[in-house]
Amino acid sequence: MATNLVNLETVSKSFGIRPLLDSVSLGVQAGERIGVVGLNGGGKTTLLELLSGVEEPDSGRVSRGSDLRMAVVTQRGELPRGTVADVVLGPLGVAEHEWAGDVRIRDVLEGIGISARTGFAGASGATGVSTGLDLRRDVDGLSGGERRRVALAAALVQELDLLILDEPTNHLDVEGVAWLADHLLRRRSALVVVTHDRWFLDTVATRTWEVVDGAVNSYEGGYNDWVFARAERDRQADASEDRRRNLARKELAWLRRGAPARTSKPRYRVEAAEALIADVPDPRDGVALAAFAQRRLGRVVIELEDARLSAPDGRTLVDHLTWRLAPGERVGLVGVNGSGKTTLLRALAGAKELDTGRRVQGQTVHIGWLEQELDDLDGDLRVLQAVEEVAGRIQLGDKEISAAQLAERLGFTPARQRTPVRDLSGGERRRLQLTRVLMSEPNVLLLDEPTNDLDIDTLQQLEDLLDSWGGTLVVISHDRYLIERICDSTWALFGDGRLTNLPGGIEEYLRRRAAGIAESGRATVSGGSSEPGGAVAAPARPRDAKAEQLARKEMSRLERQLAKFGEEEAALHEGLVAASADPDRLIELDGRLKEVVADKEAAEVRWFELAEEWG
């Protein structure tokens, strides 16, 4: 029988006249991993603080098991005085040789990016990119993100019954998020975590709590299961919130089409989900948007020719790079912290001079650039005024929307739109900055970590906006769902001077990083490449010339097959339209279409396997 670690009994909590939690009763059992979701300001962090004892309830009772070993990592960034070693390892009361010989502690330090060796970057170190987190550093000199990582490490090195985390992925790169998820899955302790990272939530959580309107709704499973449950709840209740329901259905359609294995629901639930999304169109018509982008942008968008970029410390970030962004291209850019992603984005925007090489920008290009730094806006402006300062109305796809409508879609209610800018939180200022960028009607969007401080509902709204946005997009993000959803290709900086295309997306990036770490055994900086762009070579291994020749022949054959499948698929679609009045012919053509699509997908999978092995 499972042991209850913490119980909330009819707990209520308000700030001022606003109730955040109203008569909430729930509990955390040993071994449970619970993800907490909900709108920003809806009470998620308050719920965590009540569970941990940081805050006391206005009414009701919170009870905790005797001798409960618990650690809490909040967004407040409060740390005791001392060095990183004092904060992380001091409470353990062990000598240096003891923790240095403990595999579990070393794994945490390296996973978070901390080492006693100056400049060593832990799990992010195969590229030689330094995170600056040395055990001898004084915590007073750390940035906000570094302080959060130190607090996280201090919690993870302990043996605990319950771990409570508030947005732990915010200051981790893609690789760090993957490491943290794996670490939490291997732990035996219970977990309660607030996160907007949907891949992380789907991977880690066995249960999801949704904080909404003062209540906490509980669902089995992670993000995918929660999206389905919420969409089904709206359908069964015949809710009047059409837009929100349609967003949930659209998100579910993408999840089921893109990664059907993610759900843990039984088959009858999967069939119900398929029925729910049967009439939902694909999130994005890529062909139509690319054609629209071509008309808006012309042939030349932004081009870097034989470019070289260096970091302030003299490291070469990219060298001999030739990169031409195409109209309508949607690129996700990944890499460890410090690998040069933001510098490359600044170079694309024209804000960073190239060391050598040339930048070309098309005459019709209008860049919208979301930087990590917040805009310095007049604090007396109201939110709506700050948005209308850019434009009153914009054309988004085939629809025209007002400044107020866009602000509402990105989380500013009509009441909140009247709030002075100076009264906004950091997350709200970030959303306002994004709203202003979109209101400028750019045809090239450069987004640097756009998901920071956005709740899941706002993320869905943003993705829905970008689905119908016709233009060129480059986005830096550690949010795997965002990259998979809105980008058509993924590129990476591995620290070797090259920009590498990843046909296999984030999974391929993580495989290459793991292989690079295993190959090097320590952090190293690759020398500058003399080749333009191109892919990073896989770890050295013997090459079988005959096998490689056969593989390349098979890839050529598959490419010809894919072209034929594409032509036949298009012809079958035309035939279905022409045979709309002939039911028998429709059935025949539909059956053949399903066969062609299945054969095409199988050929694509085989081509990617060969490209990954021999490309």
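Okay, let's start with an open sheet of three strands, in the order S2-S1-S4, with antiparallel pairing. Two strands pair, by the way, if DSSP finds at least two bridges between them. The strand and helix names come from DSSP runs, numbered from the N terminus: H or I over at least four residues for helices, E over at least two for strands.

A word on what you're looking at. This is a predicted model, where local features need pLDDT of at least 70 and side-chain atom pairs count only at pLDDT 80 or more, while totals for chains, interfaces and linings use all residues. Residues are numbered from 1 along each chain as its sequence is written, and side-chain values use heavy atoms, with hydrogens and water left out.

When I say touching or contact, I mean heavy atoms within 4.5 Å.

Now zoom in on the pairing. Strand S1 (residues 4-15) and S2 are antiparallel and share eight bridges. If you want to find them on screen, Asn4 has Gln29 in S2 as its bridge partner, and Val11 has Val24 in S2. The hairpin of S1 and S2 has two residues between the strands, and Gly16 there takes a positive phi near 65°. On to S4: five bridges join S1 to it, again antiparallel, with Ser12 standing opposite Ser59.

Next, some helices. Two packed helices are described by the angle between their axes and the distance between the axes. Take helix H4 (residues 103-112) and helix H6 (residues 174-186): they pack at an angle of about 155°, with axes 10 Å apart. The cut-offs: under 35 degrees is roughly parallel, over 145 roughly antiparallel, 65 to 115 roughly perpendicular, and the rest oblique.

H4 passes H6 in a left-handed crossing. That's left-handed when the near helix is turned anticlockwise from the far one by less than a right angle, and right-handed if clockwise. Who's in the contact? From H4, Asp107, Val108, Gly111 and Ile112, meeting Trp179, His183 and Arg186 of H6. By class that's three nonpolar, two polar and two charged residues. We count Ala, Val, Leu, Ile, Met, Phe, Trp, Tyr, Cys and Pro as nonpolar, Asp, Glu, Lys and Arg as charged, and the others, Gly among them, as polar.

H4 also packs with helix H5 (residues 144-156), at about 165° and with axes 10 Å apart. That makes H4 roughly antiparallel to H5. This crossing is right-handed. On the H4 side you'll find Arg104, Val108 and Ile112, and on the H5 side Arg149, Leu152, Ala153 and Leu156. The classes come out as five nonpolar, no polar and two charged residues.

Five bridges link strand S10 (residues 302-310) to S13, and Glu305 has Arg358 of S13 as its bridge partner.

Last stop: Gly362, in the loop between S13 and strand S14 (367-370). Is Gly362 buried or exposed? Buried, at 9% relative accessible area. Our cut-offs are under 20% for buried, over 50% for exposed and partly exposed in between, with a 1.4 Å probe and protein chains only. Leaving out residues up to four places away in sequence, Gly362 touches Val300 and Val301. Its C-alpha is 7.8 Å from that of Arg299, 63 residues away along the chain.

Note on methods:
Axes are lines fitted to C-alpha atoms, for helices over the stretch in contact, and angles run from 0 to 180 degrees between N-to-C directions.
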